[in-house]
Amino acid sequence: MVNRYWNRKAAVSYLEIFLLITSMFAFSYLFYEITDNLYGVSDGVELVSASSSVCCEETLSGQSCQTASSEACNPLFKISPTTCESTDYCEIGCCISENTGLCNLASSRRDCELSGGEFKQGAECNVQECKQGCCILGSEAKWTTEANCAFESNSENKDIFTEWRFDEDSDTELECLFNVEKDKEGACVFEDGGKNKCVYATLEECVSRTGSESNFDHEGRFCSDPELDTICEAKDHKGCLDDNEEVYWFDSCDNREDIAEDCDLFTGSYCGEENGEFICRDVDCGDIGRKNGESWCSYDGKIGDGKDPPGSRHVKHICYFGTERIIPCSDFRNEICVQEDSITEEGDFSQAACRVNLWRECLDHNKNKDKVKDKCGENPDCRFKHIDMGGSFSFDVCLPNYPPGFELSFDQNFFSEDEVSEDYYRASSGDGICSAATQKCTSTWKCSIFGCSCIDNCGCHGGGFANEMNDFCTSLGDCGGYINYVGDYTGGGYSVKGAPGVSADYKQYANKDDSQKADPGDVDFFQTIDPGLLPEIEKDDRNLSAFELELMGASGSYGSPLLLKILTSKNDSSVWGDLGNLAAGSIGLSTFTGAISSVSGAIAAQIDREDPGQPPDFSMIIAMVVATIAYVITQSIVASMIGALLGFLFGISWIITKNVYFSCLPWEPPDGGERCNECNSLDIPCSEYRCESLGSLCKLQNKGTGNEICLAREVNTTLPVITPFETALSEGYEYKDISKDGFEIVNASTNRCIEAYTSVDFGIKVDPFARCRISNNSRDDYGDMSDMFGPKGNHILPAHMTKMFFPNPEAFRNSYNLTDEEIVELGKWNFYVKCKSSSGKVNPRPYQIKTCINPGPDLTSPRITFTSPLQNTYLGFGEEEKDVLFYVNEPSECRWSNEDVDYSEMTNNFECETRASVFTQFGWKCEDTLDVKNNTKFFIKCQDTSENNNVMTESFVYELKHSNSELVIDDVLPKKDERIISGVSPTSVKLRLGTSGGAVNGESVCRWEGNGFGDSFRYEKSNGSSVHDYQVNLIQGKYAIDFFCEDIAGNVANDSTNFVVKIDKFGPRITRIYNDAGLKIVTAENAECRYDFKRNFVYENASKMIGVEKEHHTAWLLKTYYVQCMDEFGNKGGRIKVKPSG
Amino acid sequence: MEKGVMNRRSNSRSCLQSIDYILPSQKRSQITIFVIVASIIVVSVIIIFLLIKGPEVRVLDENNPQAFIESCTREAVEEAIEILSKQGGDIKPKGSLNYEDEEIAYLCYNINFYERCVNQRPLLIEHIENEITEFIKPKVGNCFFNLESNLRGRYEIETGEMELRTVLQPKTVIVEIDKGFKMTRNEEVRDFEGFKMSKVHPIYDLAEIGMKIVNQESKYCNFDELGHMILYPEYDIKKFILGDANLVYRVSERGTGEEFNFAIRSCALPAGY
């Protein structure tokens, strides 16, 4: 039975499969960059980072401090080969204006200093100078910094009473705006020309204008009051105030008086002019039944369950001042529109937000096979899918609930006359991610003399297989056979071999369903994705978590919750008295719907990379993610399969297997451009992605200008004509026998077959531009071909190219007892290409590409292509044995020795794979365990399995290095039991580790974890020491953090710390005032106190009282004192007025 | 040479005479009508032109050069603010995008995906002050030149070096001009040490909201414009989401309709990875 699968015929089959793999049709381009780098290893070349990002002080387009490719930098400015955050000039921090007192987050040192600002470290400005409080400017209040408050009060028209407060009663923007008592206004009467004139003003304004406090009417009466005997007549006309919702009466001197009409913005009316009259105007959106300030979502079709169609976009709508506004969420479904409905006294009220779609996390969850179901279930943006074909083809996978969109077209600038851009080979998201669902299902059949019956994976051959796999495929993103957002189905995004195609009806998913809404997720969920913001350990006194506090700190974030609160308890006047507790969760998640999209951590969490200091290489990330999913699935299937097969090993029967292949490719837009115009509706702005999803001829015009329009390009109905792509062909080869039906690739010098074990790039041009596929079966139609011509074969391009590796059939002669004729036959390769243009036309006759492998005896010796660990890798400290594997470019037997001797004298054998079927991208695998206790230099030689048994003449020298000492964490900050006291909340705390020893002087990758949270450190090397920094924003509480470091050799070091953060954000309270041989005051905490006799005084310029702890005193004068105290953290308390009596 | 010219003149005169002689009276009437019609057309065009764009008459009150300079400076400031408001606070936008045929400067930008933006204009208010100053400096210089030209002959004028300062404050733009200006006529001496122009405009307030938006976009990758408008209804904020993760914000004061536009690229997410 076994021979049946290891005979010559089988060998031919394996080689055909092998050709497919080596041709890198389906997936291997994912590893292109990796392999390109790795192949250099055997030549002793070190791995070079693919990234060439530098810090540009200024880019050519004029932006400052950008980490970009060196070509983007303006050469007239500084350029450093590192990220901008690591440079001194582009360090990101807080820039404070000494003029206006305003703080600017995320500013570069360079720009700040050039503008004359004061630069402080910490991009988030968690410093006392930037603490916002309530600035009372006469009859107005503003939420701002103390310095800005002073600036505005000193401005020309503001000679008014000013106070900046930050205490328990005024520590939120909302309380400041609505609850803090401002200066009262009243009639300010003055004589002018023998008449009593009047202005309605505050006391300070009155004094400023008239020079006397006695002119001010402290009762707060209007100027038109008859008792005041002014020239102003009452209720002369109505009008609006700039920043007030009510309609007011104004007297004949144009002074504000009583409210004429009581408008209320929160319930839908605002002062406005209509037909020359000032009235309360209705600002609700009555025509669509929405209230002012309401927001809601709309969708193109079905959302969730992996069913969002390509081209669809979530859209947020808002009703504001009587007008509906449309705010599309980020394209490619990178944002989803979440909505929450509440019941108010006036009916339903919706709040919506565009929030980041965490689909990338779903794919990451597959890393941990055991926890995938739990992790997936915790994330509302993910869906868990179990696929079971009735046996071993059974696996779990976590998939995006709202599949992402991918680019549907590419720049055609990959090709120039002389060269092909490297970007051509980079994995695009669509190509890379979709390939995770490309799977082979092997059904197993038990056969006896009475026939065969299926025993494993019997569902593979049924109609359900393609449907199930296509569901997996479409959930990954714009992949597989599916509809676009207007309901047009295309099946070009998948292929299935050995089973019926997809039969599901997808058109229903284009129907709109107003009842569906995306899940916002809960606060706990959001806390888990922001590692920079540790969860609270002890909750704040208002029961807000760090996460909640962070969100509510954003200006305007109280707006929507306040509106909802007012609408839900319209008749409850306590709303206004209890604004401070508004955010404390009494209205649940709705509090955050307006701010939920503010979670910057959600952005950071999208990319899991080891060193946050380095720019990510996205091709690598795609490869890693997809490889992880593929690995997990394969492992699941293989493990089950072995179990299934073992059961029949001892039976009187034999087994056969049948393979069913499912290929998941990027989704293809429909042919033509008949429906392009559907993108031009006014409801949702048309984007490039949305336009192109409607047809392969659709193209967005006027991109980015605000006047975008989706138009169909001119239809070219000619059939695709394929010709060889000269530029793509590797040096040393040429196209021969070129005809309209194909060409042959030959060695340029011999004009004959090409040598074995070489890689050749070649390509085709196609006119009109088209997608191209390739097959080894001349009878396959375009739709039957499951392999793309090269990495961008599924995109409409003017040319396509691919890379092919040619093994030597001779290598299998001995293994499979192949005859000369069979060797020659195996060496002849024929491929057939079909291309489909954007108008849907396919070349009817396949374009044939022929080549052959030199049939002569194998005269080349094997070559080691890749080692793991890499050359010169460090060994862990004290490590005595090392498992080593390497790859050889042809089937071989390999040996090693501590001395450079002949192959025959080498006594240690590697275990090497030689079967054709186990070929990998790097070649054939060999492995062994090396004794590295006393020796780290090894000599390796291999002998191929061809008839000639070619042996490497020179040894491959493989060397490893010992670590000199253990890796040690020798410095941890904050220190154990440290007490961090700060005057601002949240406060920025740096977690810092110093490491030494190990393989390379402490260089290591470190992580921290606290309360189940964790992230990698930013690493820097300064003055010979290795330092790891991570900035976290902490609120008051106790913290326990564990640290884990690992270096390149696998040396590990752990440590931990625990510390307490105490926030003292309010100024000192004055608890007692009395006369004891002078004015004495007592404060609740140690403080410095100052006084002045003017109400409007600047603390820094005021007179200091004696005393630095809790008791303070000064001379007793019969004057009105204004006293204020400041604690050691710079928090200033409220001002009090002390009026001593004789 | 002179002779030749004379000859040509005499020839043309004799030519006219000969036409006179040749033309019958009917034809002369026709020409007269043509001339009248042409005159009417020309006069009409001039009137229309004057009606559409009235002559730029700046009344010079000799007793009040301050008013002249203030008015002249005001025009320059208005022009500057109009450009700055459309273009994100830059007269010549550096690092900008084109939206609705306007170049709009990025106030916060990150070229990369997944990363929060870097503030491109910290101290935006001071930046706008400088931009206004630079823009109006030559124009205010011209104002003084025109003032001098108008007064010269009647007064003896002595001037000093000019220094300009623009100060933005809530609802107000102030331009302070330090320039000695001395007018002398006989015994009459009028000496000015400086001039000042104050204009009610919300550019400070709009820029401050812009800074607030930049702060939040750089910290949270988002700005909740609806929440802000509910709390501050006097300001309207519109967000336009363009391709390639570019945002254009348009902040306006509801009462005056004055706007301030700027662009942001922050936390851009790619299609896929």
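What we have on the screen is a predicted model, in which local features need pLDDT of at least 70 and side-chain atom pairs count only at pLDDT 80 or more, while totals for chains, interfaces and linings use all residues. Residues are numbered from 1 along each chain as its sequence is written, and chains are lettered from A and ligands numbered from 1 in the order in which they are written.

Back to Ala245(B), whose phi is near 65 degrees, a positive value in a residue other than glycine. Most residues other than glycine have a negative phi, and most peptide bonds are trans. Ala245(B) counts as partly exposed because it has 19 C-beta neighbours inside 10 Å; by the rule used here, a residue is buried if 20 or more other C-beta atoms, placed from the backbone, lie within 10 Å of its own, exposed if 12 or fewer, and partly exposed in between.

In chain A there is another residue with a positive phi that is not a glycine, namely Lys235(A), at about 45 degrees. Lys235(A) belongs to the loop between helix 7 (203-210) and strand 12 of chain A, and it is partly exposed because 14 C-beta neighbours fall inside 10 Å.

Strand 12 then leads us to a sheet. Strand 12 and strand 13 (residues 247-250) of chain A are joined by four bridges, and His237(A) stands opposite Phe250(A) in strand 13.

Staying with chain A, two cis peptide bonds deserve a look. One runs from Asp767(A) to Pro768(A), with omega near -5 degrees, and Pro768(A) lies in strand 35 (residues 758-775). Another joins Leu973(A) and Pro974(A), with omega about -5 degrees, and Pro974(A) is in the loop between strand 50 (967-973) and strand 51 (978-982).

How do the two chains meet? In total, 59 residues of chain B are in contact with 81 residues of chain A, contact meaning that the C-beta atoms of two residues, placed from the backbone, lie within 7 Å. Helix 5 of chain B gives the most to the side of chain B that touches chain A, with eight residues. The residues on that side divide into 28 nonpolar, 20 polar and eleven charged, with Ala, Val, Leu, Ile, Met, Phe, Trp, Tyr, Cys and Pro counted as nonpolar, Asp, Glu, Lys and Arg as charged, and the others, Gly among them, as polar. One residue of chain A with a partner across the boundary is Thr59(A), whose contacts include Ala68(A), Cys73(A) and Ile111(B). Thr59(A) lies in the loop between strand 1 (53-58) and strand 2 (64-69) of chain A, and it is buried because 20 other C-beta atoms lie within 10 Å.

Finally, the interior. A nonpolar core is a set of buried Ala, Val, Leu, Ile, Met, Phe, Trp, Tyr and Cys residues joined through C-beta atoms within 7 Å. The largest has 94 residues, and among those touching the most other members are Cys94(A), Val77(B) and Ile264(B). Its largest share, ten residues, comes from helix 4 of chain B. A second, separate core of 90 residues includes Cys441(A) and Ile774(A).

Helix 4 of chain B also packs against helix 3 (residues 65-86) of chain B, at an angle of about 145 degrees and with the axes 9 Å apart; axes are lines fitted to C-alpha atoms, for helices over the stretch in contact, and angles run from 0 to 180 degrees between N-to-C directions. Among the residues that meet there are Phe68(B) and Val77(B) from helix 3, and Phe135(B) and Leu147(B) from helix 4. By class, this contact has 16 nonpolar, one polar and two charged residues.

Definitions and conventions:
Helices (H or I, at least four residues) and strands (E, at least two) are DSSP runs, numbered from the N terminus. Two strands pair if DSSP finds at least two bridges between them. Lists of a residue's contacts leave out its neighbours within four places in sequence.
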